[in-house]
Amino acid sequence: MKDFKELNVWREAKHLAINTYKCTENFPKHELFGLVNQMRRCAVSIPSNIAEGNGRRTNKDKAQFLYTARGSLFELETQIVISYELNFISDSTLNSLNHQIQTCRKLINGFINYLE
C-alpha cells in the first residue's frame with residue numbers, strides 16, 4: 001500500500017486546501033465564523049478523508065472515505081460559487097479554484113473506480 005503522501009489525488013487535494021485558505025484570507029471579517037470557516041473545513045476535509053481512507057484495510061472502506069472526500073469537494077464548489085456571487089473572490093480566483101476542483105474530482109472518481 002502506498003503512503004497517502006505519494007498519491008496524486010492527495011497532493012492535488014492538499015493544494016486545493018492551501019489555496020482555499022489563501023483565498024479566504026481577504027474575506028470580510030464578519031465572514032470569519034461563517035463562510036470562511038465552512039470553506040476551510042470542507043477544503044481540509046478532502047485530503048484528510050483521502051489519507052484516512054488510504055489507511056483502511058478493505059477497498060470498500062477506502063472507497064467510502066473517497067465518497068466522503070468527494071462530497072466535501074461538492075460542498076466547497078458550492079461555497080466558492082456563493083463567494084464569487086457575493087464578490088468575495090475574483091474571476092481569476094474562481095477559475096483557478098474551479099480548475100483544481102475539476103482535477104480533484106477526476107482523480108477521486110478514478111480512484112473510486114479503481115477500488116471498485
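This is a predicted model: local features need pLDDT of at least 70, side-chain atom pairs count only at pLDDT 80 or more; totals for chains, interfaces and linings use all residues.
Residues are numbered from 1 along each chain as its sequence is written, and side-chain values use heavy atoms, with hydrogens and water left out.

**Helix 1**
- Buried (under 20% relative accessible area) residues of helix 1 are Val9, Trp10, Ala13, Leu16, Ala17, Thr20, Cys23 and Thr24.
- Seen down the axis, these buried residues fall within an arc of 150° (taken from the directions from the helix axis to the C-beta atoms), so they line one face of helix 1.
- Their cover includes helix 2 (32-54), helix 3 (59-85) and helix 4 (91-115).
- Helices are DSSP runs (H or I, at least four residues), numbered from the N terminus.

**Glutamine 100**
- Glutamine 100 lies in helix 4.
- Its relative accessibility is 10%, so glutamine 100 counts as buried.
- Leaving out residues up to four places away in sequence, glutamine 100 touches His15, Leu16 and Asn19; contact means heavy atoms within 4.5 Å.

Notes: Buried means under 20% relative accessible area, exposed over 50%, partly exposed in between (1.4 Å probe, protein chains only). Helices (H or I, at least four residues) and strands (E, at least two) are DSSP runs, numbered from the N terminus.
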